[in-house]
Amino acid sequence: MHEEYAEEVLRLAVKTAPRRSLTSLKRICLHVASQHVAALDMTALLELPTSIIKDLLPHLNINDLNRLQPALNGKGISTYSAWIAILREIKGAHCVVDLHTEEESKQETVDTLFQLIFYGFKCRGIAKQFSNVNITSLLLVMAKYVKHFYLRPSIFLQSFTNEQRPLLTILEKSVRCVYVKHHIDVAKRESRYALYVLHRILDHGEAKDLIIYDQDPVILAWILHARGSRHANHQRHIKSMHGEKASCISHHTNPTATGGEASASLDPETTVEDEGSLITPCKRGKFDFVSGEQEERMPKSPIDPELLCQTFTPSAGAWTKSCPQGQIHSLQIRECGRNSLGVLIPFLPTWLCLRSLTLQSCSIFSELDVLTLARSLKQLSDTSSSSLTDLTVGVLPHAALMETLLAACSNLRSLSVEIHPVAENLGLQQTKVVDSTVLSGAVLELPLEKLSVKEPQVLTNLHSIISVVKNSPNLTSLYISGIRLSTASSHCELLSSVSESSHHLRRLNLEDINLSDCLPAILSLLRNCILEELSFKDCRLLERCSDKEDYLRRLVDSLKRVPSLHSLCLSQNRLAKSIPILAELFTGSSPSTVKKLDISSNYIQPAELLELGQRLARHPPPQRVTVDLRKNPWDRDQKIWHTALRSLHPVCDFLIDGWKSRDTMADHISNM
């Protein structure tokens, strides 16, 4: 299957490849050498001048590059640029690659390229990778390094049950995270291959992280089979909805038959006892949140994980082994509807190995849904062996529910919420919504270390956020976005609370909030917190300033007094003509230690960037600085812009893009 694909890609590459003449002997030699690296003497190759080796690297395919990397690293030669070159060949020359190390770039390249080749995509840059190597051998080499596997319905998955079985064995050992981004219809027989691969990687392999986009509660229920006990009250709820007990799907079929019939029956071990008691966990996949219509279209082919293994895994004699049950430590449901939530909640109280849970929805969760989730999480939190420390939920109907979730999960170290207040709940912003069945006693101090709160551009208040900040003295990371206050209010109260309560804060990210009247509070915060990363993105810093340069100088002066600061973002603040003042970060006896400076989307003209470069040349930073210059009107005067980049090059690395000024102007106007 893959051999035919490789031949087709190579034929297509020959037809569509542009004719390029090799104009120099050096280019001819590099091209020929790259086609025959396997035949070259390794010792002789490494003895070549470093400059020639670096010129050769972009010509290598992923197989040769991986084989040479250890020896090249031993000689002090990084393969970073070669991995980035392969990635840009695949994604396009103008793609923005935010990867900073050799290992990061290699991992991203291998993960991306493996999925494209395995699933038979015919995109540019693919043919080069197996021009002089067998595609099966290439997949086996890459599989050893694949950390992220994307599961999608495809005929190529069938190869895992025959010629590519060794490849699946390797993936079981290497993959750490599985993405289910496409719908898998368990009613279709061909979906058995996807379910089999998912079972092998999650249960027989080392993968502990699962990210699922499918809104179908049936596939979620199949994935979560037997990963936690069910509560009797949930069984009664399903019974009341459908008029019958929820059942396990029990298959009695010849596992080797291709068209064997399977029957669904009630599991004899499933019992409903007193309120709050646990039922015996079923080893087979349960679909007790499935409607009657969905039950009717349940597949008749084997979907029990052990039966799938029995069907597709070769073994001598009768199948006697029980499949292991893998542990999912991190679960992300990116499109979590109400039905999916209903499937998940009964598993949570006994899901002791779960460390991180992300529930994201395109719609707003009802308050009842959130309170039901909080009760289930509290049962888990009250268990001494609970592992859950990281929770992400979006979208909440009002901010007070954030406190409810924190009270329910007393061991959380990280909380991220998105809040979209609806009209009928705006009045609740002034009052805490506390469910008495969730909370028992006031929370005096939270162990929270990371907090992220995102709200849309609607009028709200800071009560809940400030309350959480004041009760979280161990905060090291804080992200707040989109909060709008009435004209009589200010964000100074929030900044003051952070300054007074969060002395361990290392990362502060404020986005899309108006801080134009908050300079004194910002300066106080900088004095009291030992920040390493600071971001004021789209915070309208200079919006109400009569003297913008004085404002920026006072801010720069305070930033220089934070010796721990290494990353600063001032993106989308319309700094424009004031941008040269940032060069003062690196003047004086105690220059700033900032290594990453984001001034993207500030409508910086070429002449203003040139002045910044000239000032930095007179007062160079103590270390190289990576400057993000994207989404600025570079084409207003391309000659001066490139002169400015040359002036920056001795002391800076920079991120640039191909934005046109009309795009930048539209972006600028949209943020005014």
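Modeller: Fine. Keep in mind that this is a predicted model. Let's take Ser-516, which is buried because its relative accessible area is 7%, under the 20% cut-off.

Biologist: Where does Ser-516 lie?

Modeller: Ser-516 is in the loop that runs between β10 (507-511) and α20 (519-528).

Biologist: And which side chains does the side chain of Ser-516 make a polar contact with?

Modeller: One is the side chain of Asn-514, at 2.7 Å. Another is the side chain of Arg-544, at 3.3 Å.

Biologist: Leaving out residues up to four places away in sequence, what does Ser-516 touch?

Modeller: Cys-539, Arg-540, Leu-541, Glu-543, Arg-544 and Tyr-551.

Biologist: Let's switch to charges. How many salt bridges does the count come to?

Modeller: The count is 17. One of the salt bridges pairs Arg-553 with Glu-549, with 3.6 Å between the closest N and O atoms.

Biologist: How are Arg-553 and Glu-549 placed in helix α21?

Modeller: They sit four residues apart in α21 (residues 548-560), so about one helical turn separates them. In general, an α-helix has 3.6 residues a turn, so residues three or four places apart point the same way.

Biologist: Is Arg-553 buried, exposed or partly exposed? And Glu-549?

Modeller: Arg-553 is partly exposed, with a relative accessible area of 35%. Glu-549 is also partly exposed, at 38%.

Biologist: What about Glu-584 and Arg-553?

Modeller: Those two form a salt bridge as well, and their closest N and O atoms are 3.1 Å apart. The pair links distant parts of the chain, 31 residues apart: Glu-584 is in the loop between β12 (567-569) and β13 (596-598), and Arg-553 is in helix α21. Glu-584 is partly exposed, with a relative accessible area of 22%.

Biologist: Which residues do salt bridges that share partners join into one network?

Modeller: Arg-484, Asp-512, Asp-538, Arg-540 and Arg-574.

Biologist: What do the side chains of Lys-378 and Asp-382 do?

Modeller: They meet in a salt bridge, at 3.6 Å from N to O. Lys-378 counts as buried, at 15% relative accessibility, whereas Asp-382 is exposed, at 53%.

Biologist: New topic. What do Leu-25, Ile-28 and Val-32 form?

Modeller: A nonpolar patch on the surface, and their accessible area together is about 270 Å². Leu-25 belongs to helix α2 (residues 25-35) and counts as exposed because its relative accessibility is 65%, over the 50% cut-off.

Biologist: And helix α6, how far does it reach from its first C-alpha to its last?

Modeller: α6 (residues 80-91) has 12 residues and reaches 17 Å, close to the expected 16 Å.

Biologist: Which residues in α6 are buried, and what covers them?

Modeller: Ala-82, Trp-83, Ile-84, Ile-86, Leu-87 and Ile-90 are buried. Their cover includes α5 (62-74) and α7 (102-118).

Biologist: What follows α6?

Modeller: Gly-92, with a positive phi near 115°.

Biologist: Last one, the chain as a whole. How many helices and strands does the chain have?

Modeller: There are 24 helices and 15 strands. The chain has 672 residues, and buried residues make up 52% of them. Its accessible surface comes to about 30400 Å², with 51% of that belonging to carbon and sulfur atoms. Among contacts between residues at least 6 apart in sequence, 80% join residues at least 24 apart.

How values were computed
Residues are numbered from 1 along each chain as its sequence is written. This is a predicted model: local features need pLDDT of at least 70, side-chain atom pairs count only at pLDDT 80 or more; totals for chains, interfaces and linings use all residues. Side-chain values use heavy atoms; hydrogens and water are left out. Helices (H or I, at least four residues) and strands (E, at least two) are DSSP runs, numbered from the N terminus. The expected span of a helix is 1.5 Å times one less than its number of residues. Buried means under 20% relative accessible area, exposed over 50%, partly exposed in between (1.4 Å probe, protein chains only). Contact means heavy atoms within 4.5 Å. Patches are made of residues with over 30% relative accessible area and no salt bridge: like charges are joined within 9 Å, nonpolar side chains (Val, Leu, Ile, Met, Phe, Trp, Tyr) within 5 Å. Accessible areas come from the Shrake-Rupley method with a 1.4 Å probe; for residues, only the protein chains shown count as cover. A salt bridge is a side-chain nitrogen of Lys or Arg within 4 Å of a carboxyl oxygen of Asp or Glu. A polar contact is a pair of N or O atoms within 3.5 Å; within protein, one must be able to donate a hydrogen and the other to accept it, and residues adjacent in sequence count only if both atoms are side-chain atoms.
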